[in-house]
Amino acid sequence: MPSLQQIRTALDASGQAHVLRFWPELGSEQQEAFLRELAQLDLPRLEQHCRAAAEAAAAAAACAPDRDLEPNLEPVPPESLGSVRSSDPDRLAGWEREGFLQISRSRVAVLLLAGGQGTRLGVRYPKGMFDVGLPSGKTLYQIQAERILKVQQLAESRLGAECTVPWYIMTSEFTLKPTQTFFQDNAHFGLHPSNIVMFEQRMIPAVTFDGKVILEDKGKLAMAPDGNGGLYQALEDNGVLEDMERRGVEFVHVYCVDNILVKMADPLFVGFCVAKGADCGAKVVEKADPAEPVGVVCRVGGVPRVVEYSEIRPEAARRRGPAGELVYSAGNICNHFFTRSFLQDVVETFKDQLQPHVALKKVPFLDACGNQVNPTEPNGIKMEKFVFDVFPFSRNLVVLEVRREDEFSPLKNADGAPSDTPTTARTALLAQHCRWAAAAGAALLDEQGNSIQMPPSSSAENHPALKCEISPLLSYFGEGLELLKGKTIRTPIILDGAAAAELQA
């Protein structure tokens, strides 16, 4: 570990001498901990990081839609596109069979991006531990674990081969320990502990608008995860790809923790990508309207990428095709497929070419007098990389359009916000399960015994009577519910193995 003098010299050279302003006021244990934290920084590149952050923030403040982008902008070509809504049913079934085949051979893993805390939800613990208020009280982590168990079971029953879907979970300094403890306290939700691999992404310092590292306390920097695009550095730092190779994993499904509807190791998506010979894949949903603030998967100059909504002029965003569809409609939902070999290429060749993005945040800090300040306006810059920034390096990227109501309901904000709240996430899941029960031939009654008429998916959030929860251990995606045919089900109800046995009795 570098000495205090070496660190002091490096900080002076990078214009960050203020970091040690309160050093004499720290106790010996605090000094030792702070020294360890500073030693983990990339000190030779600290000045470059701080300067780049300040310059990027200034450029972002003057950001306007890129007029030079539009002449080179084009939608995903038809040969790279599949759709759950419009592809031939036999083709969809074939893709699903291929996916189950790969799962049955233990070639598929899931990788969870879970480095962020639930700050916008109003909690200080990892989002995966959040309970959105389902009748069962299940957290996001439990729902996802049970979907892994079920997809393994389905693959084994269909192909007669015992298999494993390893679960890689990228955490951060903030989320690793509570996530480990939560899984241990819940017996890993029925999964074998050896098949759950947790690893940390790097942390980088937050910076003021004039390029100074922010002190969170007298002996601690304000640090933040380096975005979900920090995955690629974390894969290298933690030997994750070597672990995948030892297990025989060839295909990886990568997703964000906050999507309550995510299909873990989705056989259809995996099979679609494998059948297309893709090294990289993206699930998308049709944009709700031209102004929806989501990135769009498309091509720029023939190169695949995600173009942020702020980069496209409104006229281009509103452009429609001959059937009235939006030309740029492929809304990115951070749900991706990668081959292990592609991830290896990124780690070995491309990861240092990823350009960081600017996030302006309200970062608590220590002022020059040593007073704690909680800002009410953004005062700091956090530099983040995005997981989809590797798309331009793909040799064959494919895109699968899925139904929003079936596969995308993110949890980002506390209740009271207009969207992406615990209420919207909970209602989306319960409405989906009611659709499954109705499709299986069940008649649903509300608490007063009145028949529930299933509303259009788009208005399900306004239908409070939709309170049928189906355990992932009973059904992964609506399959296996034949036992409900002709049954009358009074809600609220949790349909799990015990409830199913009662219905069959």
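**Helix packing and domains**

Reply: Happy to! Helix H4 (residues 89–104) packs against helix H9 (residues 267–275) at an angle of about 95 degrees, and their axes are 6 Å apart. That makes H4 roughly perpendicular to H9. Bear in mind that this is a predicted model.

Me: Which residues in H4 and H9 meet?

Reply: From H4 you have Leu 92, Trp 95, Glu 96, Glu 98, Gly 99, Phe 100, Gln 102 and Ile 103. Facing them in H9 are Pro 267, Leu 268, Val 270, Gly 271, Phe 272, Val 274 and Ala 275.

Me: And how do the residues of that H4 and H9 contact divide into nonpolar, polar and charged?

Reply: Ten are nonpolar, three are polar and two are charged.

Me: OK, what about H4 and H5, at what angle do they pack?

Reply: H4 and helix H5 (residues 140–159) pack at about 100 degrees, with 9 Å between their axes. That makes H4 roughly perpendicular to H5.

Me: Which residues make that contact?

Reply: H4 contributes Glu 96, Phe 100, Leu 101, Ile 103 and Ser 104, while H5 brings Val 151, Leu 154, Ala 155, Arg 158 and Leu 159. In the contact of H4 with H5, seven residues are nonpolar, one is polar and two are charged.

Me: What do the side chains of Arg 158 and Glu 96 do?

Reply: They meet in a salt bridge, at 3.6 Å from N to O. The pair links distant parts of the chain, with Arg 158 in helix H5 and Glu 96 in helix H4, 62 residues apart.

Me: How many salt bridges does the count come to?

Reply: The count comes to 26 salt bridges.

Me: Switching topic: which domains does the assignment give?

Reply: It gives domain 1 (62–406) and domain 2 (422–504). Their centres, taken over C-alpha atoms, are separated by 29 Å. The contact takes 24 residues from domain 1 and 19 residues from domain 2.

Me: How much area do domain 1 and domain 2 bury between them?

Reply: About 1,900 Å², with 68% of it on carbon and sulfur atoms.

Me: How many salt bridges are counted between domain 1 and domain 2?

Reply: The count between these two domains is one salt bridge.

Me: One more pair: how do the side chains of Arg 435 and Asp 406 meet?

Reply: Arg 435 and Asp 406 meet in a salt bridge too, with 3.1 Å from N to O.

Key. Residues are numbered from 1 along each chain as its sequence is written. This is a predicted model: local features need pLDDT of at least 70, side-chain atom pairs count only at pLDDT 80 or more; totals for chains, interfaces and linings use all residues. Side-chain values use heavy atoms; hydrogens and water are left out. Axes are lines fitted to C-alpha atoms, for helices over the stretch in contact, and angles run from 0 to 180 degrees between N-to-C directions. Helices (H or I, at least four residues) and strands (E, at least two) are DSSP runs, numbered from the N terminus. Angles under 35 degrees count as roughly parallel, over 145 as roughly antiparallel, 65 to 115 as roughly perpendicular and the rest as oblique. Contact means heavy atoms within 4.5 Å. Ala, Val, Leu, Ile, Met, Phe, Trp, Tyr, Cys and Pro count as nonpolar, Asp, Glu, Lys and Arg as charged, and the others, Gly among them, as polar. Domain bounds come from an automatic or database domain assignment. Buried area is the accessible area (1.4 Å probe) that two parts lose on being put together, summed over both. A salt bridge is a side-chain nitrogen of Lys or Arg within 4 Å of a carboxyl oxygen of Asp or Glu.
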